[in-house]
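Let us walk through a protein structure together, one step at a time. Keep the picture open as you read, and try to find each residue as it comes up.

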Amino acid sequence: MDFNMQADTPETSAFRKEVRQWLQENMRGSEKLRWSASWSTRENEEEYRFRRNLAGKLGKKGWLFPMFPVEYGGAGLTIHHQTVLETELAEYGLSLNHVFYTIARIVAPVILKWGTEEQKREFLPPMVRGEISVWQVLTEPQGGSDVANCQTRAIRDGDRYVVSGQKVMVGHHKPPDFLWTLVCTDPSRPRHENLGWLHIPANLPGITIQPMYMMMGLKNTVFFDGVRVPAKYLVGDENNGWRVANTHLELEHGGEGRVGADPLVERVVEYCQKTKIAGMPLMEDDQVRDTIADMMIDLNTLRRFNQRNYWHRHTRNPHPYGGAQQRYFQRVMRLRNGERLQRIMGCDALVQDLSVHEVVDFEYAVRTGPGQLHGGGTLDTDRLVFARRVGLGRPTKEKAPETI
Amino acid sequence: MDLRLTETQEMFKKVAADFVRAEVPAHLMTQWYRTKETFRPEVYRKAASLGWLGMLLPEEYGGAETSFTDCATVFEELGRGPVPGPFFAAGVLAAQIVFAGGSDEQKKSLLPAICKGGSIPIPAITDKAAGWGAEAVETSLTRSGSGFILDGSKRFVFDAEAATGFIVAARTEIGEIALVLVDRASAGLSIKPLVGFTVSAAEVTFEKVRLSGSSVITASSGWQVLSAALEKSLPILCAYQVGACQEIFDFTAEYTRTRVVFGQPIGRFQRVQDHCVDLSVHLDAARYATYEALWRLDSGLPAAAAVHEAKAIASEGYYQACNYAHMVFAGPGTDYGHPLMAHSVLAHTLYQYLGTPWHHKRSMMDLLYPISWIPLAGCLALSL
Ligand SMILES: Cc1cc2nc3c(=O)[nH]c(=O)nc-3n(C[C@H](O)[C@H](O)[C@H](O)COP(=O)(O)OP(=O)(O)OC[C@H]3O[C@@H](n4cnc5c(N)ncnc54)[C@H](O)[C@@H]3O)c2cc1C
């Protein structure tokens with residue numbers, strides 16, 4: 001096995017040089033924001049502008065989606081190039097996923113897989129170049145876990161779909177350009193055969209967005225009131241939405257993988273080296289060291305799960321249960337780490353105060369511990385998916401969908 | 001990046017898997033573990049003939065000079081058994097100790113014999129049951145004429161029953177740590193198998209055992225030699241534990257399909273699924289930590305911290321994998337005739353073997369973030 005993500009061919013080593021230099025130039029002055037970008041739901045104007053700005057610049061070069069074909073806004077490069085980009089961004093605590101403060105990282109591959117040629121040419125480039133913001137809009141008030149029980153109607157009327165319904169807990173604190181929305185295209189058909197996906201321009205009449213104030217930050221309720229959406233925005237055919245949803249959910253459920261590591265431990269160590277009690281740095285306290293060791297081991301395990309999933313995805317050999325396992329582990333781990341931070345740094349872990357650390361607010365990590373458990377499906381959903389993939393209690397194993 | 005095994009490794013794996021199926025069938029294996037007759041000379045000899053002892057050693061010493069990962073693929077399959085015997089203790093760790101610290105003569109006489117299976121030296125390192133580390137070496141080595149006298153008792157020696165001899169860590173008169181070779185037949189040496197929830201472990205006592213000068217591997221740098229050998233050996237033990245976890249995961253998942261309670265396969269119960277998810281997390285955490293450490297060794301990258309990490313994760317993982325499997329199997333899993341029981345008792349034993357997870361986590365931290373003793377030195381200067 002070769003875990004080295006930086007092994008270059010002559011071709012990629014030139015590319016690495018180019019990327020490194022480009023990042024040096026474009027990160028100048030923003031170095032301190034690097035960590036914050038991996039907490040992409042934090043509401044901070046400066047961070048938001050930084051991410052959007054960087055995403056736009058990366059997108060212009062096709063580097064936001066380096067493996068996407070050039071005609072859709074990508075750079076038409078290989079997995080090796082993408083890995084170069086990821087590993088170089090990781091030097092700044094960034095990854096392509098987190099630079100880009102929209103859910104397009106999931107939506108664009110789904111459109112690439114399910115869209116018609118025309119749709120790909122029209123919808124993908126702005127997204128792939130990082131110019132627009134897309135929200136994923138699935139959850140409804142009557143229960144988000146049961147995604148297939150979608151009540152938002154999209155009834156065909158000539159060359160339009162008329163959309164009515166309500167979605168909750170979607171988006172973030174900045175307005176969207178498009179709403180990637182799961183709808184029911186035919187209420188008379190059986191479950192799983194009645195769904196569709198619409199890529200809805202957010203400025204159509206009949207759409208109302210209301211803020212929801214939540215633990216993780218701002219989310220929104222979206223009301224669709226007879227919104228007339230041109231039929232060209234339906235991706236992946238009428239009533240075929242469940243299959244499209246599978247691609248979407250596999251990506252959201254950890255299957256996309258990642259390279260690079262979460263720098264939380266480094267920051268905690270910095271804090272513990274600086275902070276003294278009775279003249280002794282926290283870093284020399286045995287209990288603190290034991291706690292940090294546990295955090296580090298968990299984060300390393302997560303990094304290895306991410307790398308495995310990344311490798312499986314890009315060698316087109318999806319891991320049977322790796323996505324669900326990674327997500328379950330990641331979220332339980334973050335919850336545990338919240339408590340560990342409290343144990344180590346006391347009240348500093350509860351206070352939103354950047355003076356504690358130049359860029360990290362540990363409070364964010366603590367607060368979001370219980371909140372991040374549910375986004376994109378709960379821990380129970382992860383375990384449900386796992387059980388099907390492994391074939392627990394059943395004779396057959398469900399295959400992991402291809403994700404591109 | 002390439003997370004596949006090579007063709008050679010796939011072949012090693014297959015040969016080892018076939019071996020385990022043929023030589024260690026479950027009905028015999030469970031019996032061996034139950035009666036604690038875990039050293040099977042016939043199994044050990046066959047493994048030697050396949051070249052699995054001293055695999056990592058250079059060819060001139062009878063080894064196969066394989067990569068660490070190659071060797072690990074074999075041990076992963078052995079762990080599936082779990083095949084008992086001193087494959088690791090003698091074939092990997094003892095071989096590495098002699099290779100790292102022995103004289104040319106010792107290497108030439110001992111290493112080929114280890115590879116052939118004729119010589120089975122078993123490391124006997126710490127005296128106390130609790131604690132692992134240089135400070136837990138108390139057995140004394142004192143000069144006597146041209147030779148030495150070894151005196152002390154090693155509370156927990158894994159695979160002692162199989163030994164033809166021991167590699168013993170001992171304190172010299174000036175407090176340094178020596179490593180010495182001791183023949184099993186030495187006068188004053190006794191072996192008392194430990195009874196309890198542990199397997200293949202014994203207390204080995206050296207009562208004024210006389211040794212010749214040539215039995216010394218190192219007179220002063222015992223712990224350094226041992227550490228160097230452990231860095232190269234522990235990931236192979238981890239691979240054994242990974243194989244064991246994989247076996248447990250596979251037979252547990254299968255049981256969720258076949259065991260029917262309340263009219264449905266138990267795998268339909270979400271609580272049962274939860275146990276399987278947690279089991280899998282421990283399995284894969286151990287798997288990738290282990291193979292990453294192996295890769296570091298094979299690539300010549302600094303590996304010491306990664307090895308400590310892997311040992312901590314794999315020992316804890318094996319232990320927890322058993323616990324979660326116990327939750328799924330309930331009563332039948334606690335029958336000594338069930339393979340899970342062999343794993344369970346072995347997992348508890350390996351949790352202790354060569355340092356607990358806690359010890360290895362602390363060692364990892366000490367390597368990555370050494371504590372500066374300057375403040376302490378300052379106090380000392382003042383009090384003087
Ligand atoms: C931070 C955050 C961000 C989010 N972002 C988005 C977004 O961008 N877009 C979007 O569409 N949605 C988003 N959501 C919504 C999210 O997808 C839902 O919260 C999630 O799918 C769960 O739905 P629910 O909250 O309605 O819980 P419910 O479905 O009501 O579940 C309640 C409880 O029942 C359990 N449960 C339900 N079904 C089963 C089952 N079959 N087996 C076992 N237990 C079960 C659940 O695990 C949970 O414990 C976000 C949520 C959060 C917290």
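B:Arg287 counts as buried, at 12% relative accessibility, where buried means under 20% relative accessible area, exposed over 50% and partly exposed in between, using a 1.4 Å probe and protein chains only. Before going further, please note that this is a predicted model, in which local features need pLDDT of at least 70 and side-chain atom pairs count only at pLDDT 80 or more, while totals for chains, interfaces and linings use all residues. Residues are numbered from 1 along each chain as its sequence is written, chains are lettered from A and ligands numbered from 1 in the order in which they are written, and side-chain values use heavy atoms, with hydrogens and water left out.

What does B:Arg287 form with B:Glu76? The two form a salt bridge, with their closest N and O atoms 2.9 Å apart; the term stands for a side-chain nitrogen of Lys or Arg within 4 Å of a carboxyl oxygen of Asp or Glu. B:Glu76 lies in helix H4 (residues 68-80) of chain B and B:Arg287 in helix H8 (residues 270-298) of chain B, so this pair ties together parts that are 211 residues apart in sequence. Helices (H or I, at least four residues) and strands (E, at least two) are DSSP runs, numbered from the N terminus. B:Glu76 is buried as well, at 3% relative accessibility. Both residues belong to a network of salt bridges that also links B:Lys13, B:Glu77, B:Arg80, B:Glu247 and B:Asp250.

Now look at chain A for another such pair. A:Arg331 and A:Asp382 form a salt bridge, their closest N and O atoms being 2.7 Å apart. A:Arg331 sits in helix H10 of chain A and A:Asp382 in helix H12 of chain A, 51 residues apart, so distant parts of the chain are linked. A:Arg331 is buried, with a relative accessible area of 2%, and A:Asp382 is buried at 1%. Over all chains, the count comes to 49 salt bridges.

Next, see how the two chains meet. In total, 43 residues of chain A are in contact with 43 residues of chain B, contact meaning heavy atoms within 4.5 Å. The chains bury about 4,200 Å² between them, 62% of it on carbon and sulfur atoms; buried area is the accessible area (1.4 Å probe) that two parts lose on being put together, summed over both. A:Met1, A:Phe3 and A:Trp311 supply 19% of the area that chain A buries against chain B, more than any other three residues. How many salt bridges cross this interface? The rule finds 9, including one between A:Asp286 and B:Arg362, with the closest N and O atoms 4.0 Å apart.

Finally, turn to the nonpolar cores. A nonpolar core is a set of buried Ala, Val, Leu, Ile, Met, Phe, Trp, Tyr and Cys residues joined through side-chain atoms within 4.5 Å. The largest one here has 176 residues, and A:Val268, A:Ile292, B:Leu78, B:Leu150 and B:Phe166 touch the most other members. Helix H7 (residues 222-258) of chain B gives this core its largest share, 19 residues. Another core, of 69 residues, lies apart from it and has A:Trp22, A:Met27, A:Leu94 and A:Trp180 among its members.
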